Number of protein chains: 2
Amino acid sequence: MTTLMRRVQWDHQTMKRFLDGPRADVRARVRGWLEDPVFTRRHDLSLDERREQTLRWCQELVQRGATEMALPRELGGQGDPASMLAAFQELSSFDYSLVIKLGVQIGLFGGSLYNLGSQRHHDRVKRAFRLEEPGCFAMTERDHGSNVRDLATTAVFDPRSDEFVIHTPHEGARKDYIGNAARHGRTATVFAQLEVAGRGHGVHAFIVPLRDESGQLLPGIRIEDCGPKLGLNGVDNGRIWFDQVRVPRENLLDRFAQVSRTGVYKSSIQSASKRFFTMLGTLVMGRVSLTASAVSGARTAVAIAVEYGDKRRQFGPARGEPETTILDYQAHQRRLMPALATCFALDFASRHLIERHLAEDPEVEIMAAGLKSMVSWETMQILQTCRECCGGQGYLWENRFADLKADLDVFTTFEGDNTVLMQLVAKGLLTAYRKQFRLSRVVRTLVKRAGQMLSELNPLVPRTTSEEHLRDAAFLRSIFRARESLLLVSAARRMKKRLDQGQLPTVAFNECQDHMLTLARAYTERIAVEQFLAAVERAPEELRGVLKSLCDLYALNRLYEDRAWFLEHGYFEPAKSKAVRDLVIKLCAEVRPDAVELVRSFGIPARVLGAPIAQAEE
Amino acid sequence: MTTLMRRVQWDHQTMKRFLDGPRADVRARVRGWLEDPVFTRRHDLSLDERREQTLRWCQELVQRGATEMALPRELGGQGDPASMLAAFQELSSFDYSLVIKLGVQIGLFGGSLYNLGSQRHHDRVKRAFRLEEPGCFAMTERDHGSNVRDLATTAVFDPRSDEFVIHTPHEGARKDYIGNAARHGRTATVFAQLEVAGRGHGVHAFIVPLRDESGQLLPGIRIEDCGPKLGLNGVDNGRIWFDQVRVPRENLLDRFAQVSRTGVYKSSIQSASKRFFTMLGTLVMGRVSLTASAVSGARTAVAIAVEYGDKRRQFGPARGEPETTILDYQAHQRRLMPALATCFALDFASRHLIERHLAEDPEVEIMAAGLKSMVSWETMQILQTCRECCGGQGYLWENRFADLKADLDVFTTFEGDNTVLMQLVAKGLLTAYRKQFRLSRVVRTLVKRAGQMLSELNPLVPRTTSEEHLRDAAFLRSIFRARESLLLVSAARRMKKRLDQGQLPTVAFNECQDHMLTLARAYTERIAVEQFLAAVERAPEELRGVLKSLCDLYALNRLYEDRAWFLEHGYFEPAKSKAVRDLVIKLCAEVRPDAVELVRSFGIPARVLGAPIAQAEE
């Protein structure tokens, strides 16, 4: 089984520089911070101790100026979210409770104050970013997680006292699963139904104090601890009830809507629905961050499994002879090499998402929903595969999979349930397809693809099985686009047919739900493949060979996983489908000699990686 | 979305009786035991406290006579392993550390003493089953997990003192991951290379005392704690080093081989290899137990997710109207209903395995390897799906998924790594196919199937898409058999070709590894479908309808998952493949109205199930 190991053709420092990207300096700084012994993971902590440790870690980072990167320029910060995201990625290789607690504090609490509030709230924003005012983002309610529009908490304006009265009308309206609420949060951004002079104006955000300086709950506030969770136990989630809690009028985050002293409601956005989605914009940044953060977990897991697989030996070619390195077995390569290639795909896709987000691309909303879902799902699968590939060793706490699996599990749920988000993606694509005036750039490309679809059906292609053809970038681009376009066109047709028959849109959509989710997956995978191919093109000459191999492995493995669809729709003849399978196996062996250097180029410091089985000494 | 809910056509008590099977009395007794408040799960325990709690639970069960069921008749027990397995299944719905620690004590330690030892060891067997002598099963070494044959621990016979000298020659030979070793084990069955008069006789088992009555380590014994794990933290795993430890000659477990006072080695089994595998027989029982045990975890998870999905509402058909129950969404049904059907499939398959094991069917070795792998893998997927279907609620410790996911994770690894076991299955099938004299029954059916394959290729069938055809038991039986047979025949051909070209068997096998794993999966799924169909036939009239729907859903979902293979090999035309997909979606909706009653028929007591979100009150 011992493959003839060719020497690696590239330098892993060059790869590291390429992967670190424009914010390499920030990444280096954060890696440096994590060398401090204060950042040491422990398993023997009680729930309380774990939460205190996480808070302390957040404070340590704030002291080192970590959060100043994201603080807007006009507030004295560096106003550089890209650096903050790079920092988050590096921190994600160390501990997720830290990342999430910090994310709640500055991304959700601080972010909501800044994005939904006005000048008058800027001091609070600063205090939030500097952790001087620990806060919560109180949106989710027990009975309303995904369906935010129907939140039941009320905020009634009282003109006599010039205050809003925040109230929890029934048990189902309690704020639930709120990060920072159980222990450390002193203030919350609370989302509630605004009512002025007996008229409802939909969901708005209010600043509501929860605890005083000493940490005592304020009158009218009841908080309960959500208790231990599957993972992320360093984050103190809680439930909040409001009993006629009064806050001054200035506590309405009034960037998009204001209430005057005399009780007149005014908003720059006329459509209530448009206003609602504008206010929800805050969530997009959250999804972008989670996407970038999850990638680090996948990388950490693959780094550990590859290092171990390259050292561990079991069974020999013949008795007496030295046993075979398990990463030289076809089955082991077949499990780990696609996972390795996927780490690169997810990273390039998440970088693209960040760029689109910073460029305020209107498509970013569906892109963030889709990629957060794809990345979190792929990551969970990668973690499982890597744990199993490390056998019993992978089951020991010290080797990291325990925390990685537990902490990342909820990434498929929070900031939007993946299945719900993928439907949002499908709806977005359908809307773009119909209303050509919205998201016009997306539409144009989509329509163009619908055209390419036909050329794709060229009778010759489904029979072509040569490696050269299957690894041709043009082929890969067009087949992923063709699948997406065909699914979009057919989804639109199916919906139209049902609506013409007079079905309720919700009913019609439910009956096409499976189709919609398939479309959303095709959309996200098309982006991932396109971005991988783009990364290969912009990479230094020296790296293109190995990156293209990884790209081909990722893309062909995706085609392999969905080959049934391509067979069903005439894109593949059986011979081509089998050729894809054989090529995937071949590519796994092709990438294997580079595997160790590749995971080292992730640049995860040994101390942060931990995992004795992954260490050179071991 | 609200499906018109037809009334359930059957009584869940009838279903419960059917699922409880012949050992219903034992199951009822165990469920009764678990009503005792002593059996209460807690999250706030330190590692030490958790281990002590688990030991106490084991003692409580022994006091109630749980282990007497499995104790052989000639030793005063009931000699009824089937009852013990039923008890294990019920205990598995409560806590897995308890089940595994008890399994190590009586299944591995007690079982090895009884199966590998002789009359003289019977008192020890009794003490083991009664937990009077806490023990370990010390087989695995750091460098040899799967490859047991190359264990490095030595046992040299010293005729002068009439003793065996047990020794750990190097670090890689330390006994690793040994359950009960870190804390409670007083004695161990140690597997070591026997050497008599300078001649090696391969791996044999020896009784080696580890600690004295007071728990102090004995001279020459060094033990280290494996420390915290991803799950099963109630089990105290440890590492053991032996420094020239001397044990009397009687401590050789001498059922299959003896060493005389004068140092003459004698064995009733001539072939060293055959002797080795005979001694490994103990492991089969372990795999049988794990298979049965894992099914309970899958059931528990599905029970919780279905109860919650039937209560939880989110989004409305139209604003203002009551929101829709999430289990009425197609996407939610598509995730949970196949999981529900799979619980039944895994249960029927594991019952079959138990029967074959008790009947000492020679096929049981590969069947246990295959089904343990299939069931543990399916269970992990079901747990993930169920956790996600319960959203954030599923992430709370109190709702069970935290422990279920953590504890069951290692089922894919221990008692044999799944990927290694699946190759063992493929090898077994190939051997049976070649050597027609071994496992003859299997072979005859396999050859018969190879014939049916042809009839399966009847040009009409690949085009037939009617529901009647797709749900026809004869079609389902033959297509699963055909896939297995074709994969077996082609695997045999590929191997022969390579061997004829002079490739080393190990090299040839490695290059066909992907094919071998596909064959093994086809074998296990064929058994699952056959057993499900058999269960439908033997079920009470009243239950056949719903069971057949579940069976069809399971079988067609398996066909759907592997439809690419059937398309590639001409069993499906695209139209048939799409028909399978549409029928799976239809069957999900068909089963949904019965879902709640179905999970209640698992008979998991509310107190054992726990999970507030699954309780009627919630």
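Here's a quick tour of some strands in chains A and B and how they pair up. This is a predicted model, where local features need pLDDT of at least 70 and side-chain atom pairs count only at pLDDT 80 or more, while totals for chains, interfaces and linings use all residues. Residues are numbered from 1 along each chain as its sequence is written, chains are lettered from A in the order in which they are written, and side-chain values use heavy atoms, with hydrogens and water left out.

**Two terms first**
- Strands are DSSP runs of E, at least two residues, numbered from the N terminus.
- Two strands "pair" if DSSP finds at least two bridges between them.

**Strand 5 of chain A**
- 9 of the 10 residues of strand 5 (residues 187-196) are buried, so the rest of the structure largely encloses this strand; buried means under 20% relative accessible area (1.4 Å probe, protein chains only).
- Strand 1 (residues 135-138) of chain A runs parallel to strand 5, with 4 bridges, and A:F137 has A:T189 as its bridge partner.
- A:T189 also stands opposite A:I207 in strand 6 of chain A.
- Strand 6 (residues 199-209) pairs with strand 5 in the antiparallel sense over 9 bridges.
- Those two make a hairpin with 2 residues between them, and A:A197 in the turn has a positive phi of about 50 degrees.
- Strand 2 (residues 154-158) of chain A is another parallel partner of strand 5, over 3 bridges, with A:A155 opposite A:L194.

**Strand 2 of chain B**
- Strand 2 (residues 154-158) pairs with strand 3 (residues 163-167) in the antiparallel sense over 5 bridges, and B:T154 sits opposite B:H167.
- Their hairpin has 4 residues between the strands, and B:D162 takes a positive phi near 55 degrees.
- Strand 2 also runs parallel to strand 5 (residues 187-196) of chain B, joined by 3 bridges, with B:A155 opposite B:L194.

Technical notes:
Buried < 20%, exposed > 50% of the residue type's maximum accessible area, 1.4 Å probe, protein only.
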